[in-house]
Each structure stands twice: as C-alpha cells, then as structure tokens.
Amino acid sequence: MTAARREGDRLRFVGAATRRIARGIDLDEIVLGLCRATVPTFSDAILVYLRDPLPVGDERPVGPVVLRLRRTDRLRPIDDLTDSGAGEPAATAGAAGAPGAAGELDFSQLPLVGPQGDLPAAELCEIRPGGALAEVLRGVRPVFGSAAGAKDALPELLGSEHPVPRGQRAILAPLRGRRRVIGAAVFLRTPDRDAFEQNDLLVAAQLATHTALGIDKAVLYGREAYIADELQRTMLPDSLPQPTGVRLASRYLPAAETARVGGDWYDAIPLPGSRVALVVGDVMGHSMTSAAIMGQLRTTAQTLAQLDLPPAEVLHHLDEQAQRLGSDRMATCLYAVYDPVSHRITIANAGHPPPVLLHLGGRAEVLRVPPGAPIGVGGVDFEAVELDAPAGATLLLYTDGLVESRLRDVWTGIEQLRERLATTAQLTGLDHPPPLEALCDDVLDMLGPGDRDDDIALLAARFDGIAPSDVAYWFLDPEETAPGRARRFARRALTRWGLEELSDSLELLVSEVVTNAVRYAERPVTLRLLRTDVLRCEVGDDSPQLPRQRRARDTDEGGRGLFLVNRLARRWGATRLSSGKVVWFELPLPGAHERR
C-alpha cells in the first residue's frame with residue numbers, strides 16, 4: 001500500500017471517528033464512542049482514565065490528582081492476550097468473543113472502556129508530582145509506550161506487575177480539555193499486528209482532543225442541567241395544602257434527560273373564606289432562564305393571590321410582571337378560584353390548554369374557557385368565567401406536555417385525555433369517583449414512547465364542597481352592640497350543630513375579634529362560621545390594617561384580644577383583601593383528637 005493511500009485511509013478514519021465521538025451527549029456516550037471508533041480499526045484495545053472527581057468549568061481540583069479507569073459496559077471475562085513468541089502478557093484486554101489466541105478474538109464487538117477479567121490494569125492511579133506519568137501528562141502530546149517517560153508511566157496504569165508492551169504497541173495520549181488535562185487514553189495493539197507508526201501519534205492526538213473537549217462540554221452541561229433541575233424542583237411546592245372542601249393531588253415529570261429543564265409549574269394557594277386558588281403555568285423555552293422566570297412568576301402569583309384579586313386581575317398583573325422581566329418573557333397560565341361554600345369555580349386563562357372536568361357520573365367535559373393571550377404579550381384583556389363545581393367532580397389542570405407531542409396536535413391530545421378520564425371513571429364505577437392519586441397515575445399512563453417532548457405539570461382537584469347546613473353567615477353593623485349580637489348568633493349556631501361545649505371559648509374569641517373589627521370598620525362587618533373537621537370562624541371588615549399581637553401592660557385596658565385568640569385557638573391568621581381584611585381562627589371539635 002502506497003504512503004499516499006495510507007494517509008488517505010488515515011484521514012478518512014479520523015473523520016469518521018471524530019464524528020462518532022461527537023454524537024455522544026453525555027460522558028459515557030462520548031467515551032464509548034471513542035472506544036467503538038478506534039477498536040479494532042486503530043487499536044486492539046483501549047483504556048480510558050479520567051480524573052476522579054472530574055473538575056467542572058473553572059473549578060480548581062483540590063488534593064492529589066487521581067485517575068480512575070472508566071467503565072461503561074460490563075463484558076464477559078476472557079483470558080489474557082499473550083505474546084505467542086514469549087508466552088508472557090503483552091497487551092491484555094477484554095473483548096466479547098471466545099477466549100483463545102489474540103488473532104482469534106472478535107474485537108469488532110469490543111465496547112471497551114476498561115479491561116475486564118484478569119487484566120491487571122490499575123483501577124485507580126494517583127499521579128505523583130514529578131513522577132513519570134505526571135511528566136507525560138504535562139507534555140500533552142501522545143507518546144509511544146516505549147518512549148522515555150512513558151515506559152515508566154505505563155506500569156502505573158497497566159499495573160505494577162504488568163510489563164510494558166514491547167516496541168511501539170502502546171500509545172499514551174493525554175486528554176486535555178479546555179483548561180487542564182482531565183485524563184489519559186491508552187491505545188494498545190497485539191503482537192500479531194503492525195506496530196504503531198509516527199503518524200499514528202497525530203491520529204491519537206486528534207482522537208484525544210475531540211474526546212477531551214466533548215467530555216468537558218458534557219460534564220459542564222450535566223452540572224448546569226442538574227442545577228437548573230434542582231432549581232426548578234425547589235420552586236415547585238414540596239407538598240400541597242389540605243384546604244377545607246377540596247382534595248388535591250399533583251404530578252410533575254421533566255422531559256427527556258437531554259432537555260429536562262423547563263418552566264412548568266403548578267400551585268394551590270389557600271384563600272380567605274375557605275376558598276383555594278389553583279394555578280398551572282408554562283414558561284416558554286427550556287433553560288435555566290425559563291426555570292428562573294417560572295420562579296418569579298410563581299412568587300408573583302402567590303403574592304397576588306394573598307391580595308384576593310379576581311382571577312382576571314391576577315393574570316393582568318402577571319402579564320405586567322412578565323413584560324418587566326424582558327421583551328421575550330412569555331408564558332401560558334390558568335388561574336382558578338374554587339369556593340366550597342357556593343360550589344362554584346371562577347377561571348381565567350392566558351393562552352393555556354383548557355381544564356377538563358370529570359363529573360361524578362363519569363362524564364368528562366372540556367370546559368369552555370376563553371383562551372386569552374399568553375402573559376408577556378401585553379395590551380390584552382383577560383376574561384373570567386364562573387362555572388358550577390358540583391361535589392364529587394374532579395378538575396384536571398395540566399400543561400401542554402401532557403397533550404401535545406411530535407405525534408399529535410394539542411386538540412387531539414385533549415380529546416384523548418377526555419376519553420381517558422371517562423374510561424377510568426367507568427371502570428371505577430359511576431357512583432364513586434376514582435381515587436385521586438390513582439387517577440393522576442392513570443392519566444400519565446396514556447403517554448406513549450414518543451409523547452415526552454416537554455415537561456408535564458398536573459394538578460387535580462376533587463371538589464367535596466361544604467354543605468349549606470354547615471355554614472352560618474351574618475352581617476353586623478359597626479356599632480357598639482355588634483359584639484353582643486355576634487355572641488348570640490354564635491351560640492345559636494353551636495346549639496343547632498350540637499357543639500354547646502365550645503360556647504364559652506367561641507363567644508369569647510368572637511367577641512374579641514368583632515370588637516377589633518368594629519373599631520376600624522365603616523361598613524358592615526361579616527361573621528361566618530364553618531363546621532367541617534374543625535370549627536372555623538371568619539370576621540371580615542373594610543379596613544386593610546392587619547391586627548398585630550402585642551404584649552399588653554398591666555395598666556392597659558385593651559390589647560389582649562389577639563393574645564387570647566393565640567392561646568385558645570388551634571390556629572389563627574389574618575389576610576389582607578382588595579376590599580379590606582379577614583381575621584380567622586379555628587377551634588377543634590369536641591372529641592376530634594379521639595377520632596384521629
């Protein structure tokens with residue numbers, strides 16, 4: 001074979017090998033690509049050592065430099081390759097195939113990163129400053145195993161008892177990334193094959209360079225993806241609240257490993273009056289920026305919810321916030337408020353897929369909600385609709401990753417979701433709604449192999465409601481007689497519910513809270529009692545000033561009201577509304593601790 005032809009073959013091999021290495025996405029794929037590209041075309045076996053731990057980006061490694069043999073596939077053990085002339089090990093490696101002489105092994109099936117079986121290659125190798133291996137790695141350029149320095153360095157990698165392959169049958173190629181050497185590749189040839197030539201050092205250098213840069217990129221991307229994924233997960237709720245009159249369940253699934261960072265989010269926010277806000281949103285794009293924007297929008301939505309703004313008004317303020325974050329910060333969002341007392345739900349939509357309502361009888365309905373424009377567009381109005389939320393029904397909010405993929409459009413996916421919910425309800429029985437957690441799992445089971453192109457956020461709400469017989473409601477004029485009237489109303493409600501044991505505590509606390517409300521109110525004060533698993537009292541007025549607990553002095557005539565509430569109530573709180581505030585407290589029902 002002429003020199004020109006050999007050089008042409010060498011160039012074609014390098015091109016094909018580097019393309020194969022470049023196809024790898026993560027570290028294992030890149031290293032495996034190097035091994036499969038070079039064995040058996042370039043070498044009969046290859047060992048790849050990487051720093052342990054691998055530094056990321058600008059990190060400065062601490063402590064001694066340690067190389068670890070990188071393994072990606074577990075292969076069947078085989079016998080050592082032996083030098084048929086001298087009968088001693090020459091370039092031992094593992095391969096898939098029957099044991100025997102070197103020439104009989106099938107190296108084409110060698111997905112090898114490290115040796116298997118009896119090869120005495122070092123699993124770990126600490127690089128001593130000033131040692132032979134340190135000198136070879138500092139030189140960066142590949143060297144033959146018989147070269148000065150490499151002859152002393154190779155035993156460190158191959159094992160102290162393993163002799164260095166005779167002649168030019170080993171190449172040690174340092175793997176230099178963007179900032180530092182991150183490892184070494186050892187190419188080995190068996191004795192029945194031509195030894196490496198000088199030009200093979202250039203080939204090894206190119207293979208090592210492409211591999212090292214690919215590993216650097218993969219490790220850096222992996223760290224960024226991990227950080228963004230953790231960032232996104234910490235921004236999602238650790239657990240859902242358990243508000244009165246509704247049960248909640250959720251699911252979150254990232255997309256593929258290669259594009260798992262997204263901006264999908266969901267939330268459930270308790271509101272005054274035993275209501276709850278249900279939110280689901282999707283920031284456009286997949287990046288750390290998307291996750292960060294999601295966190296800002298979710299925080300903004302929580303703040304707006306605490307102001308008890310109408311759903312359309314919440315979306316309007318979210319739209320303004322998205323515009324402040326940048327010109328291309330867009331997201332879809334659906335915001336709903338469920339009232340368990342009125343059994344109604346108010347929904348506003350900003351370009352998000354419509355929710356699906358599963359009725360108790362098994363009928364699944366795609367709710368007709370005005371679609372609206374995504375938040376961040378600016379200059380658009382949002383419209384809210386109020387719908388029935390019957391007891392026993394289940395509302396499903398989701399992001400488009402559940403219903404849209406390369407294989408189906410969004411409306412086909414929504415129809416499939418509706419049919420899936422109806423089928424699940426029929427299998428469970430029409431008299432009882434399917435268990436909420438199992439329903440969420442069943443919905444996700446509808447996804448096929450090609451249906452995971454995007455993140456998926458899922459929020460399910462089972463409406464239990466609060467029966468009218470468990471609610472008592474009054475209006476009190478802001479007069480001096482209001483606390484006395486409030487005590488009488490509360491006493492009557494407790495008598496009707498058979499909870500007379502709570503009369504003393506409830507009357508005292510109602511009197512204190514109503515007295516404080518009347519002091520600042522200009523319009524009628526509202527008093528509402530709710531009997532569920534606890535007795536909840538809510539007092540609303542038109543003053544935005546929230547009450548503050550303070551320690552009263554002995555000479556003070558007042559200031560002890562909230563102190564009593566804090567001591568006697570199981571829980572209490574105050575929420576500022578757009579029209580004033582609500583102060584609430586809860587008392588445990590008699591014998592509640594015994595029923596738990």
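Tyrosine 473 is partly exposed, with a relative accessible area of 42%; here buried means under 20%, exposed over 50% and partly exposed in between, using a 1.4 Å probe and protein chains only. This is a predicted model, in which local features need pLDDT of at least 70 and side-chain atom pairs count only at pLDDT 80 or more, while totals for chains, interfaces and linings use all residues. Residues are numbered from 1 along each chain as its sequence is written, and side-chain values use heavy atoms, with hydrogens and water left out.

Let's stay with the rings for a moment. The structure holds 6 aromatic pairs. The ring centres of tyrosine 473 and phenylalanine 475 are 5.4 Å apart and their planes meet at 70°, so this pair is edge-to-face. To pair, rings of Phe, Tyr and Trp (its six-membered ring) need centres within 6.5 Å; planes under 30 degrees apart count as stacked, over 60 as edge-to-face and the rest as tilted. Phenylalanine 475 counts as exposed, at 54% relative accessibility.

Now look at tryptophan 474, whose ring centre is 5.2 Å from that of phenylalanine 489, with the planes at 5°, so the two are stacked. Tryptophan 474 belongs to strand β17 (residues 471-476) and phenylalanine 489 to helix α10 (residues 482-497), so their pairing ties together parts 15 residues apart in sequence. Helices (H or I, at least four residues) and strands (E, at least two) are DSSP runs, numbered from the N terminus. Tryptophan 474 is buried at 16% relative accessible area, and phenylalanine 489 is buried at 14%.

Elsewhere, Phe13, Phe42, Phe187 and Phe196 form one aromatic cluster. Over the ring of phenylalanine 42 sits the charged end of arginine 189, 5.6 Å from the ring centre. For that label, NZ of Lys or CZ of Arg must be within 6 Å of the ring centre and within 35 degrees of the ring normal.

The largest nonpolar core has 54 residues, and Leu278, Leu297, Leu318 and Phe463 have the most contacts inside it. Such a core is a set of buried Ala, Val, Leu, Ile, Met, Phe, Trp, Tyr and Cys residues joined through side-chain atoms within 4.5 Å. Strand β10 (residues 331-339) gives the most to this core, with 7 residues.

What does leucine 297 touch? Not counting residues up to four places away in sequence, its partners include Trp265, Leu318 and Gln321, where contact means heavy atoms within 4.5 Å. Glutamine 321 lies in helix α7 (residues 311-325) and counts as buried at 16% relative accessibility.
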